[in-house]
Amino acid sequence: MESSSLLTRRLLAPNPGPMSLDGTNSYLIAAPGAASVVVVDPGPLDDLHLQKLAAAGPVELVLITHQHPDHTAASVTFAQLTGASVRAFDRAFCVNGEPLRDGELIQAAGTRIRVVATPGHTADSVCFLLPDDGPHGSVLTGDTVLGRGTTIIGHPDGTLAEYLTSLETLRALGPATVLPAHGPTLPDLSAICDAYLAHRRERLDQVRHALAELGPDATVEQVTDVVYIDTDASVRFAAEASVRTQLAYLRGS
């Protein structure tokens with residue numbers, strides 16, 4: 001377990017892969033000297049990982065960034081292990097706790113945690129702003145902003161229009177430290193959001209050009225062959241998911 005910022009520590013789950021990068025980052029939030037901790041994304045169902053999280057101190061609350069199993073599979077087991085309630089934006093992923101609300105201020109483990117709804121990657125994606133975590137604060141971004149590479153929009157559950165709006169919302173938070181669910185800590189949220197927005201605009205232009213070449217009714221597979229020509233076969237499905245989302249955005253569907 002390593003310190004990620006003044007108010008957080010990070011424990012990497014043992015689930016590396018093409019989509020999870022090095023694995024899922026579970027975070028512990030607590031002010032110095034606090035008697036309890038808040039855990040964000042307990043992660044996959046791995047006994048040793050959960051035991052390490054539970055041993056970090058009495059767990060006051062568990063928060064979930066979004067529904068995907070590499071973040072939530074352990075929620076019920078971890079709630080039973082610690083006695084803590086689990087809160088997520090989607091009630092289906094709560095355990096003995098109420099759904100999170102956009103803009104809600106949570107005070108726990110000696111800290112202030114602001115809930116920021118950021119749909120796009122999934123409809124239920126949220127980020128957690130820690131305004132007191134260093135000179136510019138920090139934001140636990142889940143899969144909305146990654147420490148390396150870019151995220152997938154899970155259309156139709158998430159949409160590109162929502163995701164672009166969420167990036168604008170995060171950019172407005174300023175140069176906060178980025179604490180992603182996958183990959184390393186990054187220093188400047190606003191700069192990362194600028195880069196993400198530029199990347200999305202570039203990809204949309206590439207898809208537009210592909211449609212001009214292939215015709216307006218081109219399939220996802222055909223557009224992927226043009227836009228993601230160098231994509232490794234192991235992540236071809238992710239490229240197709242991205243194209244599907246971009247086509248839906250451009251076609252207004």
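## A sheet and its helices

Three bridges connect β1 with strand β2 (residues 8-12), and the two run antiparallel. Strands pair if DSSP finds at least two bridges between them; strands (E, at least two residues) and helices (H or I, at least four) are DSSP runs, numbered from the N terminus. Within this pair, glutamate 2 sits opposite arginine 10 in β2.

This is a predicted model, where local features need pLDDT of at least 70, side-chain atom pairs count only at pLDDT 80 or more, and totals for chains, interfaces and linings use all residues. Residues are numbered from 1 along each chain as its sequence is written, and side-chain values use heavy atoms, leaving out hydrogens and water.

Stepping back, six strands make up an open sheet of mixed pairing, in the order β1-β2-β3-β4-β5-β6. Its edge strands, each pairing on one side only, are β1 (2-5) and β6 (85-87). From one strand to the next, the twist averages 30°.

Angles run from 0 to 180 degrees between N-to-C directions, with axes as lines fitted to C-alpha atoms, for helices over the stretch in contact.

| Helix | Strands touched | Direction angle |
|---|---|---|
| α1 (residues 47-55) | β2, β3 (25-29), β4 (37-40), β5 (59-63) | about 165° with β2 |
| α3 (residues 75-82) | β4, β5, β6 | about 170° with β5 |

Elsewhere, the axes of helix α4 (residues 160-171) and helix α7 (residues 236-251) come within 9 Å and cross at roughly 95°.

How values were computed: Contact means heavy atoms within 4.5 Å.
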